[in-house]
Amino acid sequence: MKKFIALTLSLLLVLTFCAGCGGGGGSSSGGDVIKIGVFEPASGDNGAGGKQETLGIQYANKMQPTVTIGDKEYNVELAIVDNESDNSKAVTAAQNLVSQNVSIVLGSYGSGVSIAAADVFADANVPAIGVTCTNPQVTADCEQYFRICFLDPFQGTVLANYAYENGMRKAYCLSKLGDDYSVGLVNYFVEAFKNLGGEVVEEQFPDKNSDFTSYVANAKKAGCDVFFSPVSTEAAALIIDQAEAQSLGMPILAGDTWDSNVITSAAKGKNVEIVVTTFYQEGGNPDFDEGIKAWFEEDADAMTNNGGNTDLAAVTAMGYDAYFVALEALKAAGSTDPADVLGALPSLEVSGLVCGDVSFNETGDANKTEAFVKKCNTETGAWEFLKKQSAE
Amino acid sequence: MEVRLNKKTKSVLSAVCIALFLIFVYFGDIMISPGSSWKMLITVIEKGSIYALVAASMNLLNGFTGLFSLGQAGFMLIGAYTYAIFTIPADSHDKVYQYFDGGLIKWSIVEILEGKMGVLGHYLGMFIPMIGAGLLVAVIAFLIGIPVLRLKSDYLAIATLGFAEILRAFFQWNTLGPVTNGSNVLRKYTTYNNAVFPVLVSGICIAIIVLLINSTYGRAFRSIRDDEIAAEAMGINLFRHKQTSFIISSFFAGISGALLAMFQTTINATPFNTVMTYEILLIVVIGGIGSITGSIIGAFLFTAASEWWLRGLDAGRWLGISASFMRPGFRKVVFAVLIMLIVLFYSRGIMGDREFSWDGFLTWCRNLPANIKAWPEKHKAKSAARKEARAAKAAAKAKAKQAKADSEARKASGEALFTPLPVADHVVVFDKEGK
Amino acid sequence: MDERKTVLKLSDITMQFGGVVAVDNLNLEVHKNEIVGLIGPNGAGKTTAFNCITGVYEPTNGSIEINGNVVIENHPQGKMKDTYKGRNQGKYTNTLTMLPDKVTKLGVARTFQNIRLFKGMTVLENVMVAMHMNQSESVFGATFRSRKARTEEHSMREEALKLLKKVDLYENRDDLSTSLPYGKQRHLEIARALATHPSILLLDEPAAGMNPQESDDLMNFIGRIRDEFDLSILMIEHHMQVIMGICEHIYVLNYGGQIADGTPEEIQSNPAVIEAYLGGDE
Amino acid sequence: MGLIQTWLPYILAGIAVGGQYALIAIGYTMVYGILRLINFAHGDVFMWSGLIMVYLITVLPLWLSIILVIIFAVVLGTTIEKVAYRPLRSAPRMSIMISAIGVSYLLQNFALYITGGLTKTYPAIGWLQKTVRIGSATTKMVTIITPVLTIVLVVLLVMLIKHTKIGMAMRAVSRDFETSSLMGIDINRVITVTFVIGCALAAIGSILYFSNYTGINPMSGAMPGLKAFVAAVFGGIGSVPGAVVGAFVIGICENLIKGAGWTTFSDAFTFVLLIVILMVKPTGLFGEKDIDKV
């Protein structure tokens, strides 16, 4: 009897879902609504960063909820899926977006999931704009993938240059096993740093590791001048903590992921020196800064997703920009059809963004020549702008 | 009322159903536009069929041989990598192995055979590394099995889990980078171009598993599951049979790994962790331990629910209900609660240890209206029985309380505390293993 | 004494768990076509002796011969050397062990004290499992239903059905083994053991839980299968009526040690046995 | 001398993390000893204790938070036992293990929902996180406190098991579940007490562990949990001192391996150790041999 109830129930469930999904998808694609897919992690290793990036997109959507394509005004609806920072979930998540008939996709934070999803977008011929995925492989073989940020070879070189110029000669490089972002960036850094004449020690830590004592000790033992670890913010907080506990005694250098309030709050009041390269410098666009902070203040969910305070992360600003790039692309295409949007992207030039103008080269990457170098002020727990650094 | 069809009718029915399904998947994949939400159905069928295969292979071990092994994700990992490594086209090597100078293996089986035999070579080039993946996994399972299969149930579980973790670290090891690409994703390898491919391959593999289970070896496996000691006393070599089951199960796990690699189009070792094994195990449990039909149903339900139907729970709008507590992560909570409910209240899963049969299905269908009609009566009877049981329990409780109060009172009044234990002339000692 | 061939011989079998001697220097012989009883109070070590014979336990000391060949032999080793409490230490020097499935292949089949049928399988399947070891097809052949696999499967089924007819279980062939009434489960266990083509059958309390009528039937049944299958039988039993009724020779154990052996008449009048069962006067 | 100086930081880290594993491992070993169940959810109880601390400390004083965290862990652990394990007591071994995996899945996903997948920073507990110098190494105060506290707690626990009535009951139940129930021991009470002790120690372990490694996310319990279980197997499951020794061995070895540059395999090593011990001495260092009844 029990079994019978269970079976009927599940049958009912199946039917409702099928009907619900089928009907729902069909109706919302018509009318005056246009869908922009947001392909970001809300959980997993990159959950924190993904959420901050999504916040930027949501804020932009709040500021500019409509777009005029041709002569018609459309309401922009965000279709957000969680790719769980997991390559195997990324494919179905991306498929889910595509099946919701989105015109363009934004994301993802973390390069691995973007690479994994690239084929889905390519198959469906839906354009995607990478916001902060810096691995060159994202756009390299995928005509549908564009991006508005700089690339790892560039960032790695910038970081190496910065380190070398500041008299650091031996670098300890720590990446995470199985994480293509950190492994890739370390690779480019090592290449550039060695070319400059530096020396490196490379190590990797396994998934779910939270004990960084030995890595910090290894760096000290090797007598390095700089601790380079462009890993996820989860690990970053733990590394900072151990660096303080063991008096690391050398600056920690990292890439764009570390430009986050997770780092500043972890470093606040600690005796550590942290330098990062990033896309955006707070204060570069005061209107945007104030606006989004005000939004954080009034929207409790947004505040929580930002990590509980109003400090602004570069990825949020990038998310904001990405949304406007998408709108411009839609306008240029004059249609909501993904294929038309894709056609309009390569020649697109967008100015007036908070992180600088965007135009794409032949692989679909943004033409960026400079990165911002920031240092964490451990007394105030805020980022301080150091300089703009180029790859040359 | 029971329905009994003759063998021929059943075969025809099955063949027609299978053919219809394959045709539906084939044309579905071609004709449904990517923007339609029905496309998701095809995706679910693809992924579901791959998970069905790995769940069936796990069921062969856990449900039919009684070996609680948690190494499935590790075996899939090897399968996925083996397939991917040998099918990356030659001119993509530099891009894929960008940090390892184009890698060690600079050719692709698919390309070589395609050059020689055309389209046939293309598919042959896909099948050979896929079977190779299965065989390699089988060899590794053979080696792992030598020490591990001598362990008892939960030690076996934790040891296989451990091996899967070791394998993962091994595949990400930078020194092996020229082959495995270290921590970086493998991509650009040859994949199938229609969803019917994984469905067909999984279907054939599952059919083989079913044939095995119904053979004399399958009977031997089940006897080991039911009672190891009795099976041994019947002349069944425990270790050899466990090993056989372990190797065959791993072979199919390897094949499903290769299929998963094709489905995902990129492969990285990180997701092949314990969580993945647990998910496969939960599929087996939902479907019913000891039922291949159940594993298949479980795989499709699990994939559909987690990747499609419940997604709305994360987005804040689901079945027309919207609420602020439906934020990212809620889907997984609901899902986990559902699974716990199944584990606790329907511990036999959807199918228990029964398999699908046309007779059973048609009988069930025919009796359905009658059962539905009889349901209120039955329900009433059941709830009455439950009420009675509850009342009896309450009465017993009250009685016990009274007895306790009495004894307290007697104790207080200084009566002797000694009450002789009832003398049992036959003490039944249960088996600790719970066999 | 008995001129018939010895099919099973236990010499000085001692089984010690930690400091407890469960079986102490057991010497026992079973001749061809003989029915031998092994009796003794609870905890006397009878089932342990069975487990030593069938290879479930490795005896601490002593040797076991099946059909004239020594197949199991052991002597105290390692830590046991110093803690060994039994006799005849040093008499045996070899170490021969055998797994239960090998013992069964040599023609020694057994039943269990607490019935151990394969719960998830039908009556017929239970019997067919026991024939698995005699089939020769590989796992591939069996899976893909080679001609050999099909003929073997067919003959296995035929033989199993024939066997079930002989033990009156033919009607129940498609029932789940655990759904059978208790007495029939005992019969099925014996049928399953017979399916391995044994020459020696070890029965562990076959009449446990049976009423006098049922045990009478069982007695006849055991006698019948002995003749029909040309068996030698060693049985543990508490029902004196059964033991005295069919056994030709009886061994009595108490606290692991062997206190008497002989014909039923001898045993019935043996004072040591009476004392063991009824307790002596202090 | 130079050698010790180089390796001191690793050994210190190893001892600290070993002590923390030990506190978790006791829960595993005791539950396994009695129920023959790998309580997969134990690592998640540990993670949840950490998480609750993060939330409690924002509103309550430190001492009260610590007490409440321990109470919370105990309540959570015993509830899991009551809801997910007790109804399945007579079910096959595999079902109850699957139930444990299911609970673990639920706890992790619930934590994911509550935290939104973000790593929470563990509150600084005053002097526990103070930096101290030992010889050539600098480390946190908690590194030194952990082994001392662990040893004290374990000694207390062993005394409890050896000398009290409930301890005697626990030993009896772990030796023979059914017989002791026939002897009139209230099995359910013994099991509850076991879970209470195990979870309380896990909660204390979580305070020490997360003071040292200050980030908590839903998966934080998984790895320490598995390692603690391996430690319990290593020491001989069912044996409390064995689990403690095993935990220290694993903690120290793990850090030495990282120090030697084999960082890729620091986790894999734990499992290699597990498999080696199961091959060579399946009962672990201090375990007793189990004899099958036929």
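Residues are numbered from 1 along each chain as its sequence is written, while chains are lettered from A and ligands numbered from 1 in the order in which they are written. Because the model is predicted, local features need pLDDT of at least 70, side-chain atom pairs count only at pLDDT 80 or more, and totals for chains, interfaces and linings use all residues.

Start with strand β1 of chain A, residues 33-40. Helices (H or I, at least four residues) and strands (E, at least two) are DSSP runs, numbered from the N terminus. Seven of the eight residues of β1(A) are buried, so the strand is mostly covered. Here a residue is buried if 20 or more other C-beta atoms lie within 10 Å of its own, exposed if 12 or fewer, and partly exposed in between; C-beta atoms are placed from the backbone. β1(A) runs parallel to β3(A), and eight bridges join the two. Two strands pair if DSSP finds at least two bridges between them. A:Val33 stands opposite A:Asn75 in β3(A). β1(A) also pairs with β4(A), in the parallel sense, over three bridges. There A:Val38 stands opposite A:Leu106.

A:Ser108 lies in the loop between β4 (104-106) and α4 of chain A. The peptide bond that joins A:Gly107 and A:Ser108 is cis, with omega about 10°.

Chain A also holds an open sheet of seven strands. Their order is β8-β7-β9-β10-β11-β14-β15, and the pairing is mixed. β8 (199-205) and β15 (382-390) of chain A stand at the edges. Each has a single partner strand, so one side of each is left without a neighbour in the sheet. The twist averages 25° from one strand to the next. Within the sheet, β7 (residues 170-176) and β9 (residues 226-228) of chain A pair in the parallel sense over three bridges. A:Cys173 has A:Phe228 in β9(A) as its bridge partner. Helix α8 (residues 213-222) of chain A packs on the sheet and touches β7, β8 and β9 of chain A. Its direction makes about 165° with that of β8(A). For such values, axes are lines fitted to C-alpha atoms, for helices over the stretch in contact, and angles run from 0 to 180 degrees between N-to-C directions.

Now turn to a helix pair in chain D. Two packed helices are described by the angle between their axes and the distance between the axes. The axes of α5 (residues 141-163) and α6 (residues 165-175) of chain D come within 5 Å and cross at roughly 80°. α5(D) and α6(D) are therefore roughly perpendicular to each other; angles under 35 degrees count as roughly parallel, over 145 as roughly antiparallel, 65 to 115 as roughly perpendicular and the rest as oblique. On the α5(D) side, D:Leu160, D:Ile161, D:Lys162 and D:His163 take part. They meet D:Gly167, D:Met170 and D:Arg171 in α6(D). Two residues are in contact if their C-beta atoms, placed from the backbone, lie within 7 Å. The residues of this helix contact divide into three nonpolar, two polar and two charged. Ala, Val, Leu, Ile, Met, Phe, Trp, Tyr, Cys and Pro count as nonpolar, Asp, Glu, Lys and Arg as charged, and the others, Gly among them, as polar.

Chain C is divided into domain 1 (1-107 + 198-282) and domain 2 (117-196), with bounds from an automatic or database domain assignment. The C-alpha centres of the two domains lie 28 Å apart. Their contact takes ten residues from domain 1 and eight residues from domain 2. On the domain 1 side, α3 (100-105) and α8 (212-229) of chain C each supply at least two residues. α8(C) gives the most, with three residues. That side divides into six nonpolar, two polar and two charged residues.

The contact between chains A and B takes 44 residues from chain A and 41 residues from chain B. On the chain A side, α1(A) gives the most, with nine residues. This side divides into 17 nonpolar, 18 polar and nine charged residues.

Two positive phi values remain. B:Lys188, which is not glycine, has phi near 70°. B:Lys188 sits in the loop between β1 (186-187) and α9 (196-213) of chain B. B:Lys188 is buried, with 21 other C-beta atoms within 10 Å. C:Asn25, also not a glycine, has a positive phi of about 50°. C:Asn25 is found in strand β2 (residues 20-31) of chain C. C:Asn25 is partly exposed, with 18 other C-beta atoms within 10 Å.
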